[in-house]
Amino acid sequence: MSVVLEVENLQTHFFTKAGVVKAVDGVSFSISRGKVLGLVGESGSGKSMTGYSLMGLIDPPGRVVDGQIRLNGVDVTGYDNAAWRSLRGNRLAMIFQDPMMTLNPVLRIDTQMIEAIDAHQKVSKRSALDRCREALARVGIPSPDERLQAYPHQFSGGMRQRVAIAIALLNKPDLIIADEPTTALDVTIQGQILFEMQKLCRESGTALIWITHDLSVVAGLADEIAVMYAGKIVETGSVAQVLDRPMHPYTNGLLSSVPSSNVRGQPLKQIRGMTPSLLAIGGGCAFRDRCDYRQALCDDMPSLTTSAVAGAVSDTSHAVRCHYPRNYPGHYPRVA
């Protein structure tokens, strides 16, 4: 299966008066056509900044300082604004958490959708309307002709998000980046949208990066998971590998904090402390001050290493950024 996106050593820094904030610090991954990658982490972990970097949406005081972003084998990292505009909404599309970041409240839905087509292709209005109807139907919006005549305020939150997804699909992009688009929706609508997105990726071959803090969402949606912490990927692998055999203490902490993993009547488990300031991480493992298994070696930054090299399991596609990953032979004791 062909690779749609390859990201290699991506580094996005923000240059502030207080110092350099390394929001994305050496991130590497790839995604193939028709596959879904779940990018998971707490708020401030760098997952949204990774998405914005891939879309060319980083503005001063931030900028991509190093690394490569290859879309269908072409390095787009150094593209200027005009070149990025030709990609966004065409070969690349993004779905935001708030659909009103996509929708203009004073324009009808048909006007906005047709503009998204006209920005990249010259087609007749009838042909554009046919594509708009098809896109709305694909995301489960009934009576598309009637809905095209409506304004965003006439839709529910779930319907607005479906329209935003439909706009992202209009030009059949190679890659869609979804930044927590279902967080504000109720569970029923969330489940419907997740099902539809997974189905659309399988049918159209579009690759999808789903950014979220909710592991239960990616459990049923993604093919692979990359866990981010303090600007770095700390664990990556298939859904089964990461969720069934978490190697990094941070990943294990996220899974343990899910309410269903806790004993009824007992306090919810949680990761102690808070995400550190990206200005004060130092040279070691960023998770060391919150980790129950910290050792002296953790003051040195670990590399992202396949678990087969680490000695835990034989599958080389499961990688972890930890000196002593969980299930490592002779795993160290908990620090008191």
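**Figure 1. The loop between β4 and β5 that holds Asn-72.** In this predicted model, Asn-72 is found in the loop that links β4 to β5 (74-75). The phi angle of Asn-72 is near 50°, a positive value in a residue other than glycine. Asn-72 is partly exposed, and its relative accessible area is 37%.

**Figure 2. The loop between β9 and β10 that holds Ala-230.** Ala-230 is placed in the loop between β9 (224-229) and β10 (232-238). Phi of Ala-230 is likewise positive, near 50°, in a residue that is not glycine. Ala-230 is buried, with a relative accessible area of 5%.

**Figure 3. The cis peptide bond between Pro-60 and Pro-61.** The two prolines are joined by a cis peptide bond, for which omega is about 15°. Pro-61 belongs to the loop between α1 (47-54) and β4 (62-71).

**Figure 4. Packing of helix α3 against helix α4.** Two packed helices are described by the angle between their axes and the distance between the axes. For α3 (residues 109-118) and α4 (residues 125-138), the angle is about 110° and the axes are 10 Å apart. The two helices, α3 and α4, are therefore roughly perpendicular to each other, since angles of 65 to 115 degrees are classed in this way. On the α3 side, the contact is formed by Asp-110, Met-113, Ile-114 and Ile-117. These residues meet Lys-125, Ala-128, Leu-129, Arg-131, Cys-132, Ala-135 and Leu-136 of α4. By class, the contact of α3 with α4 comprises eight nonpolar and three charged residues, with no polar residue.

**Figure 5. The buried residues of helix α3 and their cover.** An α-helix has 3.6 residues a turn, so residues three or four places apart point the same way. In α3, the buried residues are Ile-109, Asp-110, Gln-112, Met-113, Ile-114 and Ile-117. The elements that cover these buried residues of α3 include α4, α5 (144-148) and α6.

**Figure 6. The largest nonpolar core and a separate core.** The largest nonpolar core contains 60 residues. Within this core, the residues with the most contacts are Met-113, Val-163, Met-197, Leu-208, Trp-210, Ile-225 and Tyr-250. Helix α6 (residues 157-169) contributes the largest share of the core, seven residues. Apart from this core lies another, of 30 residues, among them Leu-37, Trp-84, Phe-96 and Met-228.

**Figure 7. The surroundings of Ile-225.** Neighbours within four places in sequence are left aside in this view. The contacts of Ile-225 are then Leu-37, Gly-38, Val-40, Val-218, Glu-235, Thr-236, Gly-237, Val-239, Val-242 and Leu-243.

**Figure 8. Asp-145 and Pro-259 within the whole chain.** Asp-145 is found in helix α5 and is partly exposed, with a relative accessible area of 46%. The C-alpha atoms of Asp-145 and Pro-259 are separated by 43 Å, and the two residues lie 114 residues apart along the chain. The protein chain has 11 helices and 12 strands. Its radius of gyration is 21 Å, close to the 20 Å that the globule rule gives for 336 residues, so the chain is as compact as a globular protein of that length. Along the principal axes, the C-alpha atoms of the protein chain fill a box of roughly 65 × 50 × 40 Å. Of the 336 residues, 47% count as buried. Among contacts in the protein chain with a separation of 6 or more, 64% are between residues 24 or more positions apart.

Definitions and conventions: Residues are numbered from 1 along each chain as its sequence is written. This is a predicted model: local features need pLDDT of at least 70, side-chain atom pairs count only at pLDDT 80 or more; totals for chains, interfaces and linings use all residues. Side-chain values use heavy atoms; hydrogens and water are left out. Axes are lines fitted to C-alpha atoms, for helices over the stretch in contact, and angles run from 0 to 180 degrees between N-to-C directions. Helices (H or I, at least four residues) and strands (E, at least two) are DSSP runs, numbered from the N terminus. Angles under 35 degrees count as roughly parallel, over 145 as roughly antiparallel, 65 to 115 as roughly perpendicular and the rest as oblique. Contact means heavy atoms within 4.5 Å. Ala, Val, Leu, Ile, Met, Phe, Trp, Tyr, Cys and Pro count as nonpolar, Asp, Glu, Lys and Arg as charged, and the others, Gly among them, as polar. A nonpolar core is a set of buried Ala, Val, Leu, Ile, Met, Phe, Trp, Tyr and Cys residues joined through side-chain atoms within 4.5 Å. Buried means under 20% relative accessible area, exposed over 50%, partly exposed in between (1.4 Å probe, protein chains only). The radius of gyration is taken over C-alpha atoms; the globule rule is 2.2 Å times the number of residues to the power 0.38.
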